[in-house]
Amino acid sequence: PEAELAATLELRLSDGERAALSAARSHEGEWLELTEMGIGDDCATCLATWLQTNRTITVLNLGKNTIGDEGAQALAAVLAPNNALRVLCLSDNRIADDGARALAEMLERNRAIEQLFIGINEIHADGATSIGRALEHNHTLRSLNIQHNRIGVNGARAILAALEHNHTLQELSLRETFIRDDGAQALGAILEHNNTVLRKLDLSDNVIRDDGARALGSMLKHNTILKML
């Protein structure tokens, strides 16, 4: 049924999407880059079907396409048991909370992906909260980039709070995620007392003023692990 579905979807693909799918199928290396090829949900689903039998790709870059929730769900379902992929980039697509929840479920099961890029999408607090819950069970991911999403303080807090149970995430980008002073204060309080291994936290391009900066400065007096803020 999955092969039949993929064959049906292929009939609806644009020329750019067909080129992307063809490039994937003929690819023999470990790094597959399919950026800016107009890949949407149908093509992402076809790629997911192909990935089921691929065990050589370690870096998959699908950034700057038009993948939405359906495409993210298809990819997440296939990548959950995948033991080869180390880096997954889905930045600058159209993934919203449903897609983020699917990626969170993938993270709970996956034991290989070390870097996940999902910035510049349409993820809000609910999707980020799901990812936070997943991080409590994931012990492989080392870098998470969720920048340029409207996750706000609630989404950011859920991710950072999860680090109390996660001892592998070392880099986190929350750049331009609509965090204000109250958010910076909440995040500072979490990082001041939690025993995390987070070494790099990007909070740039948020609306953090003096009160938030003071809270983060106070946190740094107690947190000896964080090296870049």
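Predicted model: local features only at pLDDT ≥ 70, side-chain atom pairs only at ≥ 80, totals over all residues.
Figure 1. Cys89 takes part in none, and the cysteine sulfur nearest to it, that of Cys43, is 16 Å away.

**Figure 2. Cys43, a cysteine with 0% relative accessible area.** Let us move on to the partner just named. Cys43 is buried. How far from Cys43 is the nearest cysteine sulfur? It belongs to Cys46 and lies 6.1 Å away. Since a disulfide needs two cysteine sulfur atoms within 2.5 Å, Cys43 is in no disulfide.

**Figure 3. Thr196 in the loop between α8 and β7.** Is Thr196 buried or exposed? Its relative accessibility is 4%, so Thr196 counts as buried. The side chain of Thr196 reaches the backbone nitrogen of Leu198 at 3.4 Å. Leaving aside residues up to four places away in sequence, Thr196 touches Leu163, Leu191 and Ile225.

**Figure 4. Lys64, a non-glycine residue with a positive phi.** The phi of Lys64 is about 60 degrees. Lys64 sits in the loop that links β2 (59–61) to α4 (69–79). At 48% relative accessibility, Lys64 counts as partly exposed.

**Figure 5. Asp205, with a positive phi although it is not a glycine.** For Asp205, phi is about 60 degrees. The loop that holds Asp205 runs between β7 and α9 (210–222). Asp205 has a relative accessibility of 46% and therefore counts as partly exposed.

**Figure 6. Helices α5 and α6 packed against each other.** At what angle do helix α5 (residues 97–109) and helix α6 (residues 125–135) pack? The angle is about 5 degrees, and the axes are 8 Å apart. Angles under 35 degrees count as roughly parallel, which means that α5 is roughly parallel to α6. On the α5 side, the contact is made by Asp97, Ala100, Arg101, Ala104, Leu107 and Glu108. Helix α6 contributes Asp126, Gly127, Ser130, Ile131 and Ala134. Sorted by class, this contact has five nonpolar, two polar and four charged residues.

Note on methods: Residues numbered from 1 in each chain as written. Heavy atoms only, no water. Helix = DSSP H or I, 4+ residues; strand = E, 2+ residues; numbered from the N terminus. Buried < 20%, exposed > 50% of the residue type's maximum accessible area, 1.4 Å probe, protein only. Polar contact = N/O pair within 3.5 Å; in protein donor to acceptor, adjacent residues only side chain to side chain. Contact = heavy atoms within 4.5 Å. Axes fitted to C-alpha atoms, helices over the stretch in contact; angles between N-to-C directions. Parallel < 35°, antiparallel > 145°, perpendicular 65-115°, else oblique. Nonpolar A, V, L, I, M, F, W, Y, C, P; charged D, E, K, R; others polar.
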